[in-house]
Structure formats: structure tokens, C-alpha cells
Amino acid sequence: MVVEIDADGAATDHQSRPDRSFPASVRWFSVWLAAAGAAAGGLAVMAADGPRPGLPPLATLALSVSLVAAGRLQLRFSYSDDNEALDLFDAVLAPMVFFLFGPLVVLLAAAAMAVSEAMLRTRPVKACFNVAQWAAGAGAGVLCFAVLADGSALTTRNLGALVAAMTVVAVVNHTSMVVVLAVVTERRVGPTLASMAPIIRVGWLAGGAVNLAFGVLLLAAIESGAWATVLAPASLAMLHWASRGYAEGRADRARMAGLQRATHALVGPIDPRDAIGDFLAEVRACFDVEVVDLVLAETDGHRAHRLTCADASMARAWFIPTGTESLSVSLLDLGTSVRVSPSHPDESVRARLQDEGWRDCLAAPLLTNGEARGIICAYNRTGLQGFETGEMAVLEALARELSGALEKADLVEEVLHQALHDALTGLPNRTLFHQRVQRAIGAAKAGGAHAAVMLIDLNRFKEVNDTLGHHNGDLLLQDFARRLRNSLRPGDTVARLGGDEFAVVVPHVDGAAGAERVVKRIQRALSEPFALHELTLDMDAAIGVAMYPHHGGDPATLLQRADVAMYAAKGTLGGCELYSPEKDRYSPRRLGLVSELRSAASRGELEVYYQPKSDLRSGRVTGLEALLRWNHPRHGPVPPDEFIPVAEQTGSIQALTTFVLEQALTQCGTWRKAGLEVGIAVNLSVRSLLDTDLPGEISRLLSETGIPGRSLTLELTESSMMSDPVRTADVLGRLHEIGAQLSIDDYGTGYSSLSYLRRLPVDEMKIDKSFVMSLEGEDDDDVIVRSTVDLGHNLGLRVVAEGVETEASWDRLATLGCDSAQGFWLSRPIPADEVINLVARLHGDVDESRPAVAS
């Protein structure tokens, strides 16, 4: 018994030998044939013109022995490219029909066929049918001869009657065979007869003609004297040996041709295992056997079993669990070439041969380094002679060819595995991962589903390598890979892309919620401490997730966006982020802005806008903050939050700062000439504060525009001043020396030290808008603003509030003692040519009411 693993992984039982069961109707048909044959023999007695001449007992015995031999011995001949075989049963039966009593002929024919089938070890049901078939044929033949014959002399009429009788015998045999085949194959008689037409035309008609000719010659010899019956067995023996010699010669040539075809079948594919089915079919044809088995010893506790059945074009594969008792497995354990027959000396081997229903078996092992990795077994050689001595060498040669091909397959598999897998962890590498992602995308597209791609990076892994060495780092990565594998479903793929970077693709996931569940499983698997010798390490990882189809439609895009999300996750508490375009610093649009920003000023796309800053007590405009705007020819207005970080990352921020300073100071000079005495504020980045040439550049611009240094306010963030305190302190000191006012922008969002802040030459601090915008409804923000105002005044600084959008906020800030404010309630940022009108309107409304929102 073997267990077949189908495409869905379910196991089904199969017999190790092809199914040859016969329906019950065949048994009843056999009984009917036997009864019809006996009845026909009885009717022949009544229909005969007189008693049959009979033969002496020894002659009858000789013909009976010849009849048994004729059932076993076959004459082989070739027609076109096909090999055919026939027996001379009809030839020996012909003189018996002529000379012997009808019922005796039926009895002898049935008995001879029974003995012949027993010697061939034919299955009982089939043997009974064959016996009944010949009984019916013999009965029909003797009845036909009795009706047509005239006396017992060898006359022309009687010879014609014999020809008619033997024709009836053949028709009855062939008809009963067609009926049985139609029943077994569950087809109609017509299609069955049509499918057998070539066999009938080539084999049965030619065989019938040979049998009839030989039978007439034998009849003529016996007519001359009963002693001539000895010619029957002698002639059969000579014909058999001549036919066998001819067949052996053709078989040798066919085996050599089959050996060449079988070997050639293994050469074509890159992986020879893909051609094993064709190879076994050629082996089956080469030895003219019913079944060929290939049993391979595997390392996973199973033996892979390949079988070709009677259909030469079909090969089937099974798994044989370890411990299964079968003939092929027993011969594999022997590890040597062997021919198994009913006379084999090993009783257990003989018993398995008999239990599985084989007549004989030829087996040769597949040897690798002297050990058997598998075995080829050929079962049930067609014909009577069974396997021959020279055929063992041919099967051994085929086994050597297959063994070499499998070694090549192992090498190909190893090379492919190395090319597609990581050597340290055994996980798929980047190349194979891309293939798996593409497959997941295809499956999701076909099923209208989602797929998730995750990028995972171990935090602080470099610290482990530097502290404990690369060997321990490798052990950590192996443990990390194992945990990842165990936390995923069988259909998911985890890969190592390099270093401490891993990737996961999850096909058929239930949207972002399903991906989140997978992430939680991964995080749980990584939450347990990692053991390295006597140390235990707590490690965590940053996980970025991108979803198909929302975030990309190909592996490269999904990986790139999972990478963006992973880097965003490094700064979060949960350690996981789903891709968001807002967090993508490397989007195609953003990358395009990098090169376009450098030449935006020369193309006239950059413009400086101004937002007023007013005194909270008098309402008068005390200054204007210069804000850069970019009107892109394709994208339209680009938000500063998008292009300013790009400028800072690429180093072009200094050129932009110089542009704003030139434009703002020049415009300030123009306003002064028009009678508008206001200060100007410009934002500086961290790169500007680290530029030691900046104070000299600003001094030059002040001198060229005629603007006094005290009218220029430089706004700096807390984080920019604290990035490099030594260098920034030097730059700030030099800026203070030329008279520029220094303001701390977005105060309250950074991490400045008050002791350091007290020593900086700062003149002003701006409360971040996040505290001001919710001032009306949040008591906590009210406390923060009050405290900041008090702190600024205690340090001798002016305090400015930004983000004032309502009259209530304006009034509350005035009550808290804040000095100045700016925000949308006063005005949004406006172009330079609108500033004079805005300031005039704001100043004209001071004594009557608070300023109105500018349009």
C-alpha cells in the first residue's frame, strides 16, 4: 500500500499494482460461455453424420500435450514497427475437431487452457474466462463441423467444413473477447471493436491464417498415419525456438534503442528529475514489461515512489512512508541487482512477489558513492520466457545513467538554492523575494485581494556586532530568522535582504487590518529575550508595511515604500508604520523638486511673502516676517513644508537663505523710502548657523541696502542652536556684534537648556502656535503661555506669540502680558506690493477696534 499526496496535500490510498478487477458480470458471462460450449459439444453428437474416426490413446495424448504447449508457446514476428505474438492453439485443435468425439474436444480444449493458464499464473477470474472462452469456441467449432462434414474421409467438402469450423472458433473467441473488454472498460461494443480493429487485422487474421495452414498440414500428416502426431510437439518446439531466436535478436536491438532513448530523455531538461516520467516509460518499453517502479531514498523520513502503469504515457508519483512493507522497498534495502522469480531463495521476497501479484521482477540499484539511493524495478515481462540474463546488465546501465542524472539534479538544485537563498539563514534572498512578491501580486490581482510587503530592520544590531563580535551577531540573525519563519503562515515568505534587514510578503491579506495582525505576531515572536551564550539581549525591530494595490503595483515600488515606512517606524513608539505619502522623503515628486529647486530662483518661480507682527498694546505693526513661496509651473504652489526640508537635505538651503535676505532687505529699503519704518525677520536653518561666512554675508547686505542691523531679526529654532553649541555660539556672537536681533522660533517644541539659553545673545522668543491656537479652551496651554511670557521677561527678552487666529486669543495674550503677536487674524502672508496698504489699514483701525482678517 502506498499513500499518494495529491495537489492539495490530501492523502489517498492506492494499491502498488495497477487495478485489474473484473465486474461480476464477467464471471457470469464466463459461466454462460462454458455452458454454451458444453451444450454445443453435445449437439455436435446429434448433428454428426456418423461417429468420428478417433485416434489411438497415445496419439490423443500427444495432441493434448501439444495443445497445452501451444497455449504457452508463442511465435513472435514483426509487422511495420510493431511486435506481434501468436500461439498455435487453433492449429492443434483443428485435427482434434476432425478426428475426435465432440464433447471430448470441448473437454480437452478447456483442460489444456486451464493447465496453460495455471502455468502462466493468470489471475483466477481471467483464467476462468479464458477457459470458458475456448470451451465455447471449441464447442461451436465441433458443432459447425458436425453439421457441414460428410463422413470422416479427408475430402474437399470435409476440408471446407474444417475451415468453416475453425473460422467459427476464431469468431466466437474474438466476439467474447470484445464483449468482455466492453464490459470492463464500460464502453459500447461498437467503439470497443473499432479500437481493436488494428489488432484484429494484423494479429488475429494473420494468426488465424497461420493456424489454419499449420492445422491442415498436421491433419494431412495424421491422416497418413497416427504416428505423425509426434510431428505436432516437434513442430511446435522448432517453431518456438526459431521464433524465440528471432525475437531475442530483435529484443536486443530494441533494448539498445530503448537504452539510447531512455538516456536521451534525461539529457534534455536542466533538471533531469523533470524527465523521470519519460525515462521510466522508455524503460518499460525497452524491457516490454507491465510496470516499472522507481523508489528513491529520501532524507525527510519518506521514500518517493514513481510508477509507470500499463499506459506507457502515464507516470504517477507517491510518497511511501518509512516502514512500509513492499517488494520494491525490500529490494532497495538489499542494495544489489537481483532477479526475483517464484523460485527465488529468499522466502520473504518470494512471498511479497506473490502477495503483490507479480510473476517476476528485475531490479537494479541506483548507487552513489557505493550506497543505494534508489532502485528501479521492472515487473511482469510479457511473453513466456521471462527476463533473460543479459537484460540485467542493460537495467544496471540504465540505473547508472539515472543515478548520474540525479547527481546532476542535486548539483543544479544546490546551485539554484545558493543563487536564491541567503547562506547564513537559509532564507530566500532579494532575487527570490522579488519573484515571490510578483507571484503574490498576480494572485491578489486575479482574486481581487490584497497583499502586504513588510521590511524589518533590527534596532541596535551594530552595537551587538561591535560589542560581542560578528560571530554572535550571526547567531542572533539566525535566531531572528527562525522566529520570523515560525510566526508566519505556510504561504507567507520571509527573506533576508542583507545585513540585519529582512522582508516579508503576505499574500491574500485582509487589508491593513490583516497586515497589522501579522505584524503583532512578528512582534510577539521577537519580544522574548535572545540568548547568546551567557547573555540575554532584548531586541526590537522597526517594521514598515506597504500594501498592494494601494501603495504600488510591482515588487520594486512596494519594497521602496515599505523601506520608507520602516525608517518612519524607527522614530515611533510602536515600532511599525504603514506607508504614507506624507512621510515619503523619496517620492518621485520630491526627488524631482531637488534638481528643480536649484534653478527655481533664476526662472522667477520663487517669491518672498510677508506676514505682519503687531504690538499687542498699541496694535501697530512692528515688523514683517519674510516667508519664501514657490509657484511651480507644473505642480502649482509648493508648500514650504515640502520644499524647505528638501533644500536642507541637499545643501541648497544656504542659497535660498541668501535669496530671501537679499529680497527682504532690498524690499525693506524700498518701504523705508516710502515712509514705512518696520523691521524685517528672516528664518535661518541649522546649516546657516554652522556657516561661519554668514555674518560677513549679512553685514555686506545690510551695508548695500542701508538697513541698520537692529531692523533685521534672524529667527532660529531651539534644535538648530543646540545642534553644535560651540560653532553656533560663535556665529550668533558675530551676528549680535553687527546689530542683528536674534529670535528663538517655535519656543516650547525643542530641548534647549535654560542655563545655555541665558548665555546666548538672544533678544526675542516666539511662542509656538500649537500653544496659542488652543489658548481659549485649554487651561494647560494658558499656563504654558503665561509661564513662557514670564520666563522671557525675566530673561530680558521680548515675547512674540504666533498663530493668533481669533480676537479672543489676541485679548488673552494681551492680558497675559505678551509683547507682540502674528497670525491669520492680523493677516495671512501677502506679496510685497500689498504690504503698505495692509499696514495703513491696520494702523488706521487701531483706535476704533481690533484689526480685521486680511483677505
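Two strands are taken to pair if DSSP finds at least two bridges between them; helices (H or I, at least four residues) and strands (E, at least two) are DSSP runs numbered from the N terminus. The model is predicted: local features need pLDDT of at least 70, side-chain atom pairs count only at pLDDT 80 or more, and totals for chains, interfaces and linings use all residues. Residues are numbered from 1 along each chain as its sequence is written, and side-chain values use heavy atoms, with hydrogens and water left out.

An open sheet is formed by five strands in the order β12-β13-β11-β16-β17, with mixed pairing. The edges are taken by β12 (493–498) and β17 (576–578), each of which has a single partner strand, so one side of each lacks a neighbour in the sheet. On average, neighbouring strands of this sheet are turned by 20° against each other, direction ignored. Within the sheet, β11 (residues 450–458) pairs with β13 (residues 501–509) in the antiparallel sense over eight bridges. M454 stands opposite V504 in β13.

The loop between α19 (588–598) and β18 (606–615) contains G604. This glycine counts as exposed because its relative accessibility is 59% (exposed, over 50%; buried, under 20%; partly exposed in between; 1.4 Å probe, protein chains only). The C-alpha atoms of G604 and N631 lie 8.9 Å apart, and the two residues are 27 apart in sequence.

Overall, the protein has 30 helices and 27 strands, and 47% of its 855 residues count as buried. Of the contacts (heavy atoms within 4.5 Å) between residues at least 6 apart in sequence, 67% join residues at least 24 apart.

Technical notes: Axes are lines fitted to C-alpha atoms, for helices over the stretch in contact, and angles run from 0 to 180 degrees between N-to-C directions.
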